[in-house]
Amino acid sequence: MKLIKRIPFQIFILVLLAGFAGIGGMLIMQHHISEISKNYEQIIGRSLQDRLDMSELQNLIYRHQTIVSWHTFSDSKESKAAYKEEADGLESLIMETLDEINANVSGSEKEQLFHKVYSDAVGYFQNAENVFKLSGEGNTATAEYYIISSMSKFINSINANAAIMDEYIHGEMNATREKMESTITAAGISEIVCSMAIVIVMAVCLILCVRITSNLENYKNRLEIDNEKKTREIMERNRKMLAIQESTIIGMANLIESRDHDTGEHVKRTSVYVELLAKAAQRDGYLPEILNDRYVELTVKAAPLHDIGKITVSDSILQKPGKLTEEEFERMKTHTTAGGRIVGEVLGNIEDREYIEIASRVAAAHHEKWNGSGYPLGLRGDEIPLCARIMAVADVFDALVSKRCYKEQMPVDKAFDIIKESGGTHFDPELARLFVSIRSDIEKVLDE
C-alpha cells in the first residue's frame, strides 16, 4: 500500500526531473543556437562585404583604365593634366580599397589570392605610369599598345583571381548556411523528443521548442532576405562593370577607326547592319544549326572589334589618300591576323569562350572571299566562318557608301548593285541576297 502511495510521488519526481532536464537542455540548446546565429551573421556579413569590396575594386580599375585611354588620345595638355589628376585619385582609392580588403581577409587560400590581386594591381599601375609618360612624350602608338596589351593582361588576371576568390567565399557561405540548417533540423528533432519524454511539462517544453525553432527560422529568413538584397547589389555592380567593359571595348574600336579619319560611325553602322542581316538570315531559316539567338547576339557584340588589328598598322598607310603600293597593301592585310590575336590577348577571361572565338573569327576572316581570293588564308565557301561572312557584307557595304581618305562615297543604288553582283564571288550568295532584300531597313540606318 505504501509502495502504491509512493508511485505518484515517484512519477512526479521523475517527471519533474525530466522536466528540469528537458528545460535545462533546451536552455543550453538556445544558448548554443544564439552563439551559432551570431557566428553565422558575422560570417555572412564578412563574406558579403568581401564580395562587395572585390566588385568595387574591379569597377574602379576599369574606370582607371578608361581614364588612361582618354589621357592617351587627348590632344589638350589641360585635358591630359585633368585626366592624370583623376587617375591619381582613383589609384589612391584603389590602394585604400586593397588595404581594407587586406585587413579583413582571412584564410590561407584567400590570402594567397589577395596577394596575387595586389601584385597584379601594382603591376597594372606601373604600366599605367609608363602609358602616362609615353602619352606625355607624344608616343601614342606605344601607349596604345600598353593599354590594350600589358594593362589588359593585369586586369584579366585581377578578374580571374577575384572570380576564384568570389567562388571560395560563396562556398564558405554555403557551408555556413548548411551548418545553420542542420542546427535548425536538430532543434526540430529535440522538440519531438522532449514532447515524448516530458508528460507533465509537455506544454512548457513544446512552447519553448516551437518558440526557439520559430525564432531561429525567422532569423534565418531575415538573413536570407538581407543576403538576397546584397546579392542583387553585387549583380547590379557586375552589370555596371560589364557595361563599362563593353563601353571601353567599343571606345577602343572607335579610336582605332578614327586613325583613318573615320568618326566612329562606321563601327555603329556596321554593327546595326550585322544585326539586321543576321536576324534576316535567322528568320529565313539559313543554317539554323549555327544561327541561333546566342550566335546572333555574340556576332553583333563582336562586330565593333572587326578592325581592331589596325592598331598594328602605321598611320602613313591608314591615312594615305592614294592607292596603296603592293608592299603597303601586304602590310595592311596583316591587320586581320593581328586582330584575331589581339582579341584573344585583350579579352582573356573577360568574356566567355564562345564570344572570344566568334570575335577572333570576325577580326581574322572578314576579308576572306567566297571564291577563295580573299585574305589572309584564302578560305572559300563554307570554310569561312558564318560570323565573318556576315561581317564581310556589312563592312564592304558601309565602305562603299562612306567617304574615305582615298575615295568618295558611292551612291546607295550602285552599292546595293555591287553587293548583289558579288554574291557567289566575294560574298556568300545567300547572305548577299538577304542583304538586298532588307534594303529598306538598311536605308533607314543611313538616313539617321
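Where does His 366 lie? In this predicted model, His 366 is found in the loop that runs between helix 10 (353–365) and helix 11.

**Close-up 1. The surroundings of His 366.** His 366 has a relative accessibility of 2% and therefore counts as buried, the cut-off for that word being under 20%. Apart from neighbours within four places in sequence, His 366 is in contact with His 306, Asp 307, His 335, Thr 336, Arg 361, Ala 388, Met 391, Ala 392 and Asp 395.

**Close-up 2. Polar contacts of the His 366 side chain.** One partner is the side chain of Asp 307, with a polar contact of 3.1 Å. Another partner is the side chain of His 367, where the polar contact is 3.2 Å.

**Close-up 3. The centre of the largest pocket.** The volume of this pocket is about 840 Å³. Its lining is made up of 28 residues, and those closest to the centre are Phe 329, Met 332, His 367, Tyr 375 and Tyr 406.

**Close-up 4. The lining of the largest pocket.** Helix 8 (315–318), helix 9 (326–347) and helix 11 (386–401) are the elements that each give two or more residues to the lining. Helix 11 provides the largest share, four residues. By residue type, the lining holds ten nonpolar, eight polar and ten charged residues.

Notes
Residues numbered from 1 in each chain as written. Predicted model: local features only at pLDDT ≥ 70, side-chain atom pairs only at ≥ 80, totals over all residues. Heavy atoms only, no water. 1 Å grid on protein atoms, 1.4 Å probe; cavity = no way out; pocket = protein on both sides within 12 Å on 5 of 7 lines; lining within 4 Å. Points joined across faces, edges and corners; volume = space filled by probe spheres on them. Nonpolar A, V, L, I, M, F, W, Y, C, P; charged D, E, K, R; others polar. Buried < 20%, exposed > 50% of the residue type's maximum accessible area, 1.4 Å probe, protein only. Polar contact = N/O pair within 3.5 Å; in protein donor to acceptor, adjacent residues only side chain to side chain. Contact = heavy atoms within 4.5 Å.
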